[in-house]
Amino acid sequence: CGFLEENRDVATAYYSFILPGDILYQMYELLSDSRPSARNHGKLLGRFLEAEFREDMQSRLDHAGKMTTDKVHLEKVFVDLYATPDGIAPKEKDKDQKRFLERCLGVGNEILRSGSRAGRYVLTGGPGYGKSTMTQFLCQVYRAYFLKNLDTCASPLPEIHGCIAEFEKIMPMVPTCFRFPVRFLLKDFAGWLAEQKAKKENHSLLMYLKYRVEKKGPGTA
């Protein structure tokens with residue numbers, strides 16, 4: 001850590017290997033800086049999150065067997081689920097344990113130190129088990145709270161307050177650390193990856209995030 005702090009050119013040369021904390025710190029600096037360029041970056045990130053929020057407002061029922069064309073607002077139908085290491089639901093006497101989303105929010109409210117792996121989970125399950133809905137809703141919650149508290153977002157979407165109100169009705173825990181949510185769909189990433197390889201251009205995951213932010217922002221990240 002000391003070597004990378006003293007040699008920032010080395011750190012930036014291998015940015016794809018840098019811990020997320022370093023990246024989040026830089027984003028925080030951009031959002032809290034009063035310079036015009038920083039304010040523009042803050043607005044860009046705000047517009048990106050608003051676009052993502054709009055796209056994910058409705059529940060995506062394709063994997064579970066979509067039976068209607070009606071739009072279903074995610075916060076109206078969401079139910080937090082148990083997730084256990086062995087895939088077996090807890091017994092009745094153990095059902096006071098935290099469910100998956102509540103557990104993720106609890107970890108997200110903590111300040112994770114360098115090298116910590118406490119907040120890293122892999123959620124597995126068959127089609128229709130709710131994996132996509134779970135991650136979609138978790139990102140929506142963080143987007144809503146992030147946008148509500150973003151200074152550069154002068155007029156947040158009215159749906160944000162509705163989402164937060166509905167969320168607080170069903171969840172015993174709320175985010176107190178407003179993390180920047182990123183959700184990648186593998187089919188979309190695979191399509192972009194094929195295009196980048198054909199052009200022989202940089203195709204790291206961070207470059208894909210930059211591409212999405214600039215496209216949905218829109219602007220230059």
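Author: Helices (H or I, at least four residues) and strands (E, at least two) are DSSP runs, numbered from the N terminus. The model is predicted, so local features need pLDDT of at least 70 and side-chain atom pairs count only at pLDDT 80 or more, while totals for chains, interfaces and linings use all residues. Residues are numbered from 1 along each chain as its sequence is written, and side-chain values use heavy atoms, without hydrogens and water.

Reader: Which helices supply the lining of the second largest pocket?

Author: Helix 6 (100-108) and helix 7 each give at least two residues to that lining. Lining residues have an atom within 4 Å of a pocket point. Among the 21 lining residues, Tyr82, Ala83, Thr84, Leu123 and Thr124 lie nearest the centre of the pocket.

Reader: How do you know that the span of helix 9 agrees with its number of residues?

Author: The expected span is 1.5 Å times one less than the number of residues. For the 14 residues of helix 9 (residues 186-199) this should be 20 Å, and the end C-alpha atoms are 20 Å apart, so the two agree.

Reader: Which residues of helix 9 are called buried?

Author: Buried means under 20% relative accessible area, exposed over 50%, and partly exposed in between (1.4 Å probe, protein chains only). Phe189, Trp192 and Gln196 are buried in helix 9. Their arc around the axis, taken from the directions to the C-beta atoms, is only 70°, which puts them on the same side of helix 9. Lys187, Lys197 and Ala198, on the other side, are exposed.

Notes:
1 Å grid on protein atoms, 1.4 Å probe; cavity = no way out; pocket = protein on both sides within 12 Å on 5 of 7 lines; lining within 4 Å.
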